[in-house]
Amino acid sequence: MHWSLIIYCGVITYLTRFSMIFLLKKDIFNNKTKKILSYVPAAIFPAIIFPPIFLDNSGSLDLENNPKIIAAIFAIIVGYLSKNVIATIFAGLTSYWFLIFVV
Amino acid sequence: MNNKLKTLFKGVTDVSPLMIPVFPFGIIYGVIGMELGLGAYMTLGASIIMFAGASQIVLLQLFSGGASSLVMFSSVGAVNSRHLLYGAVLSEHLSTLRLTWKIILSYVLVDQAFAVSNTYFKNNENNENKHYHLLGAGFTCWVIWQISTIIGIVLGSVVPEELGLSFTISLTFLALLINDFRKFKNIIVMLVSGIVATIGYNIIPFKAYIIVSALSALTVATLLTLTEIKKK
């Protein structure tokens, strides 16, 4: 990792925040565009979540006896019921540790 | 207490409850940064320069997978594209401010600060110092993010790798989506993104799987939005 890459990433991050505040006088996005932009987290985060869970170190699909899948399902259930961010992470991590260290 | 300070403190107290999940997120980021060998200065440096948790972790994950600089840079841009929405929504309230204010407030426009200050702006249109609310909320996030990064850096040198802390990346992002679990359309969008990424991880060149799956899922989101509008 180079410092220059971190600086470029900092610049692009800043520009996504600054550009609209700087350019717009009024909110110009119509409801359709806003609705689509509101899907951005749902469209991007699973791409980060799925591969480390379903793929093993060599990059092939690992569906049998995979503790990460079970732990993730448990986390989803806790998240759905509690709507609590910390409870979700905690449930996933402790069930994962239970599966790899105890079972 | 004058109105400016009062508004500033309102921003601090409004955003504080949202800092509870940010804290472990920052610690996880710091620990992983150290485990990947970025070193303390670079791990903390990224938190100060970028100040964007989700994209900092994406950057680390792509780095550990051996992605090219261009892919890391564009993935960070994609993850942060949601800020365009925040800026557009807030521009209505901030357009009369001096440029210096816009420059400062843009640096601290993170998810949590946007959430609380946008609500405050809507309810307090007539407060001429309402931008102090975003200043207070934003810098509270900033301080918490830097402190938790530093704690993570310290812990990173002692936490053993066997604990599988890299799994917490998946878990933290999963936790950020809990509000989407109840919406059917969001579940479809999430599944498209996740499945395309899992299949594409090995097939799509240059580790561009995050961008490709995000664009596929956003296309589906657009189609869903358009059919919804037609029905009305």
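How many salt bridges does a search of the whole structure find over all chains? The search finds 2 salt bridges, a salt bridge being a side-chain nitrogen of Lys or Arg within 4 Å of a carboxyl oxygen of Asp or Glu. This is a predicted model, in which local features need pLDDT of at least 70 and side-chain atom pairs count only at pLDDT 80 or more, while totals for chains, interfaces and linings use all residues. Side-chain values use heavy atoms, with hydrogens and water left out; residues are numbered from 1 along each chain as its sequence is written, and chains are lettered from A in the order in which they are written.

One salt bridge joins the side chains of Lys10(B) and Asp14(B), at 2.8 Å from N to O. Lys10(B) and Asp14(B) are separated by about one helical turn because they stand 4 residues apart in helix H1 (residues 3-15) of chain B. Helices here are DSSP runs (H or I, at least four residues), numbered from the N terminus. Between chain B and chain A the count is 0 salt bridges.

The interface itself involves 87 residues of chain B in contact with 69 residues of chain A, where contact means heavy atoms within 4.5 Å. The size of an interface is often given as the accessible area lost when the parts come together. Here the buried area is about 7,100 Å², and carbon and sulfur atoms give 78% of this area; buried area is the accessible area (1.4 Å probe) that two parts lose on being put together, summed over both. On the chain B side, Met42(B), Phe167(B) and Arg182(B) lose the most area to chain A, together 9% of what that side buries. The chain B residues that touch chain A comprise 56 nonpolar, 23 polar and 8 charged, with Ala, Val, Leu, Ile, Met, Phe, Trp, Tyr, Cys and Pro counted as nonpolar, Asp, Glu, Lys and Arg as charged, and the others, Gly among them, as polar.

Next come the open spaces. A pocket is an open set of points on a 1 Å grid over the protein atoms alone, with protein on both sides within 12 Å along at least five of seven lines; in a cavity a 1.4 Å probe fits but cannot get out, and lining residues have an atom within 4 Å of a point. Grid points are joined across faces, edges and corners, and a volume is the space filled by probe spheres set on the points.

The largest pocket holds about 1,200 Å³. Its lining has 41 residues, and Arg82(B), Tyr86(B), Asp111(B), Gln112(B) and Leu176(B) are the closest to its centre. By class, that lining has 25 nonpolar, 8 polar and 8 charged residues.

The second largest pocket holds about 930 Å³. Among its 32 lining residues, Pro52(A), Asn57(A), Lys68(A), Ser64(B) and Ser166(B) lie nearest its centre. H4(B) gives the most to this lining, with 4 residues.

The structure also holds 1 cavity of 30 Å³ or more. Met1(A), Tyr29(B), Leu38(B), Ala46(B), Gln56(B), Leu59(B) and Leu60(B) line the largest cavity, and the largest share of that lining, 3 residues, comes from H4(B). The lining divides into 6 nonpolar, 1 polar and no charged residues.

How values were computed
Helix = DSSP H or I, 4+ residues; strand = E, 2+ residues; numbered from the N terminus.
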